[in-house]
Amino acid sequence: MEIKVSFPHMGNSYIAFRGLVAALGCTPVIPDRPNSKTVKEGSKVSPEAICFPFKINMGDFLNAFEKGTQVLVMVTGVGPCRFGYYGELQEKILRSMGYDFEIYIINQNSIVDIIKRLREMLGHKGFYRKFWRALRTLVNKSKTAHMIERMARETRCYEVNKGETTKVMNQCLQLVDQAKTFREMKRARKKAIRMFREIQVDKTRNPIKVAILGEIYVVVESSINFSIEELLGDMGVFVFQPSGLYEWLKHLVRLDFTAKKAVTLAKPYLKYTTGAKDQYTIGYTIKCSQEGYDGVIHLYPFTCMPQTMARTILDTVSRDYNIPVLNISLDEHSGEAGFLTRVEAFIDLLERRRVQRMQKASLLEARAI
Amino acid sequence: MTTIGIPRALLYYKYYPLWITFFEEIGCQVVISRNSNKRILDDGVRNTLDEVCLPCKIFTGHTINLIEKGVDYLFIPRMKSVETKKSFTCPRLVGTSDVIYYSLRALNPPTILSPYVETYTHPLIEAYLEVGEALGVEKDRVEKALAKALEVQEKFTHFKKKAPSPHQIMKKLSTVNREFAPANIPPHIEDEGSDGKIKIALVGHSYVIYDPLISMNLIDKLTSMGIEVLTGEMLPEELLMQNYQEILKQMHWTYEKEILGAANYYLKDDQIRGLIYMSTFACGPASLVGEAILRQARKHQDKSFLALVVDEHTGEAGVMTRIEAFVDMIKRKEGAAHGN
């Protein structure tokens, strides 16, 4: 029997999850990329004041039901943040709407339970081999997708032909998505590196460097944050963005060393985490300031509890480390034009700031002579 | 004498007997900020991020009030967890002391005593020893003070359970009366409620429903309409912990467990006619818990349910109209049930 499995979107993580589900022998059903319909329908059935990702998840689930899925997968947290309760409340709402489905709510506490349930569903024979292969696929594909995204961010500001990087990135991601065996995945990775090398670049430019930090979902999901990475890249801005599925997986097995360093930096400002990577936001802001970045764009869903804590403290960090920070909260009412205006104004400000600095430096030099 | 300032907001409404007794036992003078008023609200709103909840804004206002009073230390604990098994309080309560320090840096706040309370990994005494160390008090004295303080806190909990109305609790909270000897507890007048008075349950965070400014004296208003009000704090802890799981199975927020437990208990109680859930705008947990309670309330068709969400812009007249309509609705239902 064919089992149709669906999961909500988070940036390009669908590639890795599709691989995982397929490796387990089920049919992955991917909801449409979050769009205005997703947002509208999701908001309609969600609690009014809940954070934005919840509403989009709901929209994704509804879309998945339209496509005939029977099994839902939801990854949640276990911390003090609202993310820990997503799955349970979503299940409640969807059931009260009359849908019949099975849901796997995955978090650190339920993982053993989930494996047992999966084994029941998929049959005991050869289950662990299949499961191991699925996990390897997940890690492998998320790693490659992460690499491709990073290369795209770092190439886009240098490209000579506008839009070439985005085109190459989409082609590469498609290659990874289509790869079935591990050999194909390896080949896809090598091909991606080759394709990115072939992009014509102008390395003489000295682009403005900006870090995008904040809550992982709104930072990663390009359809929600108005493709801010592409937007900035097309404006000729070098973008640094540390979060993503692969980083999150590394965090689960405690191998995220750079993030740990960032947390250490954040300790004097926020001693204990309040959840959802608020210390990362503060830590990476300090790190970026030390590494010579020009500014930070802080994105978070409206009323996100940990990030609003971080935001209050970011004002001080910004002053102490002399790095401009633009805070933007996003929800279903965010308008693209307003968002664009703010980002453009911020980049203008950074450019002017750099010019002023350079003038000051040359003036001082002249005086010294 | 060293003065310790405790803002009259957030967890003050839960733990003030503990905190006050502790500091007095180790030989400090405790200063509590004044009752919430317009000025405190304005100060708070001006110095806090617009996206946090109203109690947090009021908390900042109270802290400013204490700074103006010139205390030597501020006491703002980081309450991560207050249960023996893995659980959390609200994320905002963990970060408050850091946020207060950095948002009020321009006002030169005094040293903030912010012990880290996470009772499922560290025993409570560690947090208070940290405070003792900062104040230069020897270990024995801290231990003794904490034991005494916990005893008083226990008495306060006991008092709340026996209180005939939330009025008594509010009175205690606003006058800082530290005597919780069993003799002081008024006799439990259980039978008086059944003389035809309509019983309504009011659930929500204690710092919302007991703060006269945030709740706009909701308890007083309801009582003056001839209604008997019951709150979640008047129920025993075990009852709350038994009841919350029927609404949401996995709950890690301690205070939300209490709210859910109280809501579920009162919904099942036949004597209760209606349930009011009061929360503030931008309260993170409330957005989830409110929805869960609403869904549970729909299963009890005989009970009326009112969800009140307030913030600093809420007009008193609007709230009043809604409460009056709610009470009228219950009264009409009651009349229909009795056939007139």
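Start in chain A of this predicted model by selecting Arg95(A) and Glu91(A), whose side chains meet in a salt bridge with N and O 3.1 Å apart. Both residues belong to helix 4 of chain A, residues 86-96. They sit four residues apart in that helix, about one turn. Over all chains, the count of salt bridges comes to 30.

Next, stay in chain A and select helix 6 (residues 127-156) together with helix 8 (residues 182-197). Their axes are 11 Å apart, and the two helices pack at an angle of about 5 degrees. Angles under 35 degrees count as roughly parallel, so helix 6 of chain A is roughly parallel to helix 8 of chain A. To see the contact, show side chains.

Now bring in chain B. Selecting the residues where the chains touch gives 34 of chain B in contact with 35 of chain A. The area buried between chain B and chain A is about 3,400 Å², and carbon and sulfur atoms give 64% of this. Which three residues supply more of the area that chain B buries against chain A than any other three? Pick out Glu51(B), Tyr102(B) and Leu288(B), which supply 19% of that area.

Finish with the elements of chain B. Strand 4 (78-81), helix 4 (91-103) and helix 12 (284-299) of chain B each give two or more residues to the side that touches chain A. Helix 4 of chain B contributes the largest share, nine residues. Coloured by class, this side of chain B shows 17 nonpolar, eight polar and nine charged residues.

How values were computed:
Residues are numbered from 1 along each chain as its sequence is written. Chains are lettered from A and ligands numbered from 1 in the order in which they are written. This is a predicted model: local features need pLDDT of at least 70, side-chain atom pairs count only at pLDDT 80 or more; totals for chains, interfaces and linings use all residues. Side-chain values use heavy atoms; hydrogens and water are left out. Axes are lines fitted to C-alpha atoms, for helices over the stretch in contact, and angles run from 0 to 180 degrees between N-to-C directions. Angles under 35 degrees count as roughly parallel, over 145 as roughly antiparallel, 65 to 115 as roughly perpendicular and the rest as oblique. Contact means heavy atoms within 4.5 Å. Buried area is the accessible area (1.4 Å probe) that two parts lose on being put together, summed over both. Ala, Val, Leu, Ile, Met, Phe, Trp, Tyr, Cys and Pro count as nonpolar, Asp, Glu, Lys and Arg as charged, and the others, Gly among them, as polar. A salt bridge is a side-chain nitrogen of Lys or Arg within 4 Å of a carboxyl oxygen of Asp or Glu.
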